[in-house]
Amino acid sequence: MPLYLNEDQAMLADTVTGFLADEGSIKKQLRHYRDMNCKDGFGHALWKQFAEMGLTGMLAAEADGGLGMGHVEAGVVLKEIGRNLTPSPFLTTSVMGVTALSEASADLKGRYLPGVIAGDAVLAVAIDEGAKHRPERIAARAERSGNGFRLSGRKDFVVQGASADAIIVAARTSGSDSDADGITLFAVPRDAAGVGHNSVRLVDSAMASHVTFDNVELDGSAVIGEVDGGRALLNKVLAAGRLGAAAEQTGVASGAFDITTAYLKTRKQFGQLIGEFQALQHRAAHLYSEIEIADATVMKAQQLLDAGSEKAELMVAVAKAKAGKAASLAVREGVQMHGGVGMTDEFDIGLYMKRDRALAEFLGDQYYHAQKVAELSGY
Amino acid sequence: MTDLEAFRQEIRAWLEENCPPEMREPVRDDDDVCWGGRNFTFKNAAQKLWLDRCVAKGYTVPDWPKAYGGAGMTPAEAKIWREEMVRINARPPLSSFGIWMLGPALLKFGTEEQKVHYLGQIARGEIRWCQGYSEPGSGSDLVSLQTFGEDKGDHWVVNGQKIWTSYANKADWIFCLVRTDKTNKYQGISFLLFDMTSPGVTTKPIKLISGSSPFCETFFDNVKVPKDQIVGQLNRGWDVAKYLLGHEREMISATGGADRAGSLGATLGRNGALEDPVLRAQVALFDVDALAFTAMSEKFMDEVKVGKGHPAFPNLMKYAGTELNKARHELLMSAGGSTALEWESEETDGGALPRAWLRTKANSIEGGTSEVMLNVVSKRILELPGA
């Protein structure tokens, strides 16, 4: 498969690019909901529009009412979300949540998927425990209780957790904290007794929860996939989420780069355009090169993941690390090249820096994933 | 079975049958490379046999037309050929600047007569070519070159000096940029071909920091060049040169990624060289870049095949690929410790590691410096203002 978008994918990209540049713009979405101190951190009206465009269920199987598309297509959407800094539950709901539900019972799918596809429901994913992403260690425990389970523990960085209709929780049902086995995924409904949210606003204006589970009673139908055998599904959800975040970061990088080069072509100092200075030209060209490489890497990983290749895991780690590196450079160079106005809230470049910081941390930063590359390469 | 699958089976069977076992060993040094030419001495019988068999099938230049000594493969078939070669670690039957550089220029700019004559010689490995571009005063600013060809009716008389001419002392012919009009900077250069045994041509090898001498200074003292030995139009040699530089940059950029399979850390880890956690971390970060660039190379090649992508993109590839290769060799040196300092010892294969490390420093200089590449990217792709 060649490493560029096929005709259908290019058409999707055209449509989504126009749609998000217009409806998902920084002014209409990010600034609007930020400035009104929105408790969800995103707009439900836009989420409904996502549904009308068929985007909410793009990864769901056709048999489940979705479009049965792949990560290349989801990445097309995420890249534009990144470019416009659009606050959206798309990544947690339509990518990670839907991937988790793909292995759920018909009953559980029926409970959540129609709402997601219609743009009425939102899902959150609870994996992290602590400030850094370390999914190898999961301490939140679900003990057998009657026909179901009793879940206790604490999860952090649950993005849009307080707005979600269900939280997909990775919990331990057997073994000790660092065991690979003994993990089970649960879909915990919004109104379950014993779920506590400490919802906080993040640097990029998104909302995330520290969620506590205090003897939350779940019946057996809340289990997604196999009891104790959830690590493989968790890894699948993680791969989808990491690659989605990487795609979004390439969009953040491109967006930051575009407004920065536009600025280099208009801002004058010493009687000339600052884009004429070779010191800035070389840095801009290097940055462009890094972004292009990150783009290619993300697409390669998407194709491998869609094809079910055994090389996908390594390339997803490479993609998250490389996209993180490129986007970080893009926003840092962006702010610096904007000079003083880059420090103002009025200019958008600072907003790119904030979003990049949140995405970089989400599901593992570039150091975590470089470490993963080393491990997977056998050193 | 699709046609391409059948083609792959056919190639695989032919290679199995015809590629001698000695030609499936890794290339250790320049001696193992078959350069061809009038004075070439084959290292062993297998090297000659492998060349002869490939020449007979047009496989030394698989994607050139059959009429010019190639096998007439489509891009998809040529990709299969390369993949099958890699699969059995087959050495290229023939390496030469004729194949990589002059050939593509002749295919685009040559007359039919030139194509039949020169391309056939290249494909059969009969003539070894060198490239006369840079001059002492014209490096990055190549278009300022001064070597002059004076019009003498049916021939030119060429005087001047070239530098960094790869293997000029071993080459049979040279393709050379020569000024034929002193009043026009860009449209006053012609692309000439001539025999290195012509009276007035002398070469002098340049010793490099790596200890080897792959480059020469080349001097022209009243060298007579017949008028039919020009590629493209008179005074339009810069067009040919620019086209060729694009090819050269693609070729050089490829050395940073795709053909270096696997991670650096996997190799070093096996040798126990990564006990230092900080070095290990640096290698892991490098591997992220290296594996990412592999994807970039694949995307680039895929886009080239269908004419997608910006025409100046090879400059970016050249920049990123060569900088990556330098970084790789810095890490190899660090991992090697004091063993990597040994310049002459049997255990270190004659100081292969430090010599290769020093050689990589030229990667970001030859064929256009990294700084020139960044200039081109910022002007032509990013369209930043200024001269």
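Predicted model: local features only at pLDDT ≥ 70, side-chain atom pairs only at ≥ 80, totals over all residues.

Reader: Okay, what is I291(A) in contact with?

Author: If you skip the neighbours within four places in sequence, I291(A) is in contact with T250(A), A253(A), S254(A), F257(A), A326(A) and A330(A). I291(A) itself sits in helix α8 of chain A, residues 278-306.

Reader: Why does I291(A) count as buried?

Author: The cut-off is 20 or more other C-beta atoms within 10 Å. I291(A) has 21 C-beta neighbours inside 10 Å, so I291(A) counts as buried.

Reader: How far apart are the C-alpha atoms of I291(A) and K322(A)?

Author: They are separated by 8.9 Å, while the two residues are 31 residues apart along the chain.

Reader: What makes something a nonpolar core here?

Author: You need buried residues such as Val, Ile or Phe, joined through C-beta atoms within 7 Å. The largest set like that has 163 residues, and those with the most contacts inside it are I168(A), V169(A), F186(A), I224(A) and V318(A). Helix α7 of chain A, residues 231-264, gives the most to this core, with 16 residues.

Reader: Which residues does V169(A) touch?

Author: Not counting residues up to four places away in sequence, V169(A) touches A126(A), A140(A), L151(A), K155(A), L185(A), F186(A) and V188(A). There's also a second, separate core of 56 residues, which includes W164(B), L192(B), C216(B) and V223(B).

Reader: What domains does chain A have?

Author: The domain assignment gives domain 1 (7-121), domain 2 (125-228) and domain 3 (232-376). The C-alpha centres of domain 1 and domain 3 of chain A lie 21 Å apart.

Reader: How many residues are in contact between domain 1 and domain 3 of chain A?

Author: On the domain 1 side there are 21 residues, in contact with 26 residues of domain 3. Helices α2 (26-35), α4 (71-84) and α5 (90-101) of chain A each supply at least two residues of that domain 1 side. α4(A) gives the most, with eleven residues. By class, the residues of this side divide into eleven nonpolar, six polar and four charged.

Reader: How do you know that the length of α11(B) agrees with what its residues should span?

Author: α11(B) has twelve residues, and at 1.5 Å a residue they should span 16 Å. The count used is one less than the number of residues. The end C-alpha atoms of α11(B) are 15 Å apart, so the two agree.

Reader: Which residues of α11(B) are buried, and what covers them?

Author: The buried ones are S370(B), M373(B), L374(B), N375(B), V377(B) and S378(B). Their cover includes α8 of chain A together with α9 of chain B. α11(B) is followed by E383(B), whose phi is positive, near 55°.

Conventions:
Residues numbered from 1 in each chain as written. Chains lettered and ligands numbered in written order. Domains from an automatic or database assignment. Contact = placed C-beta atoms within 7 Å. Helix = DSSP H or I, 4+ residues; strand = E, 2+ residues; numbered from the N terminus. Nonpolar A, V, L, I, M, F, W, Y, C, P; charged D, E, K, R; others polar. Buried ≥ 20, exposed ≤ 12 C-beta atoms within 10 Å, placed from the backbone.
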